[in-house]
Amino acid sequence: MERANIRTIVQTAGSRMLLFFITVILYFLLISQTERQTASSTILKCLPIVSLWIFVLLTGFELKRSHRYKQLILAGLVFSCAGDLLLNYDLFEAGMAAFGVAQIFYISAFGFRPLRPWLGLPLYGLGVAAVVLMFDQLPLIIKICLPIYGILLLTMCWRSWARIDCVKNILRMTCGIGSALFVISDSIIAFDKFYTPLSNAQTAIMVTYYAAQFGIALSVVEQSLDSTKTTAKKTTANPSAKRRSNGTKPKKQA
């Protein structure tokens, strides 16, 4: 796979990501003026993720096997949005379940090749340490749910990192950073809710969360660029196809 440069990525994704940046700005400007568990606060919270749905759909989304990566990322964004809605109404366990499904879709998108287990082991070690630290203060149902969700979240991060073949692969690097920010965002939620209150926790949670989803959603551009290059190569290899696509008929050989 040929690595895309920043200019190509901006040309491909820039205008399509504009709605995301607008909705994120609106969230931080207006959320303090709304009350939790209301339609207005839910809409403000979910709009940035919905805008990422639109972004994925605008990058040449099709219901084909060749677009499986985009399909899985979109499914992850859909369940993330459901999680946002449920958490905004303080349905914490249901929200965690929705985000757990989102992580499964992200893991499926990233795959397990190459495996690179040494990237995952430190993550799981930190996860175990965090759960042990908070375990005595967790409600019974969360003692069951949190370790399961933690495994899914950390696996998602590990698989995202494992895909990075070099630091020059900007899209995969951005996705890897996004997955790490997802872990940070959810860790802040857990520590603030179950261990000790943190100052400005909500702002930190949402900044890291939106940045995380942005990095993961942006990774679909790689598949779009690869599809464009494949089409271009086929056209170059078959000049008659190019002439047909331009509305001209190939000349018959004498």
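This is a predicted model: local features need pLDDT of at least 70, side-chain atom pairs count only at pLDDT 80 or more; totals for chains, interfaces and linings use all residues.
The chain has 11 helices and zero strands. Read along the sequence, its pattern is accordingly α-α-α-α-α-α-α-α-α-α-α. Of the 254 residues in the chain, 43% are buried. The chain exposes about 13900 Å², and carbon and sulfur atoms supply 66% of that area. Among the contacts in the chain with a separation of 6 or more, 76% are between residues 24 or more positions apart.

The buried residues of α5 include F92, G95, M96, A98, F99 and G100. Further along α5, A102, Q103, Y106, I107, A109 and F110 are buried as well. These buried residues of α5 pack against α4, α7, α8 and α9.

One of the residues of helix α4 (residues 68-88) is G76. With a relative accessible area of 0%, G76 is buried. Leaving aside neighbours within four places in sequence, G76 is in contact with A102, F105 and Y106. Of these, A102 and Y106 are among the buried residues of α5.

Helix α9 comprises residues 201-218. At 1.5 Å a residue, the 18 residues of α9 should span 26 Å; the end C-alpha atoms are 26 Å apart, which agrees. This helix is mostly covered, with 13 of its 18 residues buried.

A pair of aromatic rings is described by the distance of the centres and the angle of the planes. The structure holds 16 aromatic pairs. One of them is formed by Y124 and W158, which are edge-to-face, with 6.1 Å from centre to centre and 75 degrees between the planes. This pair links distant parts of the chain: Y124 belongs to helix α6 (residues 117-134) and W158 to helix α7 (residues 140-162), 34 residues apart. Y124 is partly exposed, at a relative accessible area of 25%, whereas W158, at 10%, counts as buried. F191 and Y195 make another pair, whose ring centres are 5.8 Å apart and whose planes stand at 80 degrees, so that this pair is edge-to-face. F191 is partly exposed at 23% relative accessibility, and Y195 is partly exposed at 35%. Elsewhere, Y27, F28, F99, F182, Y209 and Y210 form one aromatic cluster.

Charged side chains also lie over aromatic rings. The charged end of R159 sits over the ring of W158, 4.6 Å from the ring centre. K193 lies over the face of F92, at 5.0 Å from the centre of that ring.

The cysteines can be considered next. A disulfide is a covalent bond between the sulfur atoms of two cysteines. A search of the whole structure finds zero disulfides. For C157, the nearest cysteine sulfur is that of C175, 9.6 Å away, and C157 is in no disulfide. The relative accessibility of C157 is 0%, and C157 therefore counts as buried. C166, in contrast, is partly exposed, with a relative accessible area of 23%.

Most residues other than glycine have a negative phi, and most peptide bonds are trans. Q37 has a positive phi of about 65 degrees although it is not a glycine. Q37 is placed in the loop between α2 and α3, and is partly exposed, with a relative accessible area of 40%. N200, also not a glycine, has a positive phi of about 55 degrees. The loop between α8 and α9 contains N200, which is exposed at a relative accessible area of 62%. Just after α5, G111 takes a positive phi of about 75 degrees. The peptide bond from R113 to P114 is cis, with omega near -5 degrees, and P114 is found in the loop between α5 and α6.

How values were computed: Residues are numbered from 1 along each chain as its sequence is written. Side-chain values use heavy atoms; hydrogens and water are left out. Rings of Phe, Tyr and Trp (its six-membered ring) pair if their centres lie within 6.5 Å; planes under 30 degrees apart count as stacked, over 60 as edge-to-face and the rest as tilted. Helices (H or I, at least four residues) and strands (E, at least two) are DSSP runs, numbered from the N terminus. Buried means under 20% relative accessible area, exposed over 50%, partly exposed in between (1.4 Å probe, protein chains only). A charge sits over a ring if NZ of Lys or CZ of Arg is within 6 Å of the ring centre and within 35 degrees of the ring normal. Contact means heavy atoms within 4.5 Å. Accessible areas come from the Shrake-Rupley method with a 1.4 Å probe; for residues, only the protein chains shown count as cover. The expected span of a helix is 1.5 Å times one less than its number of residues. A disulfide is a pair of cysteine sulfur atoms within 2.5 Å.
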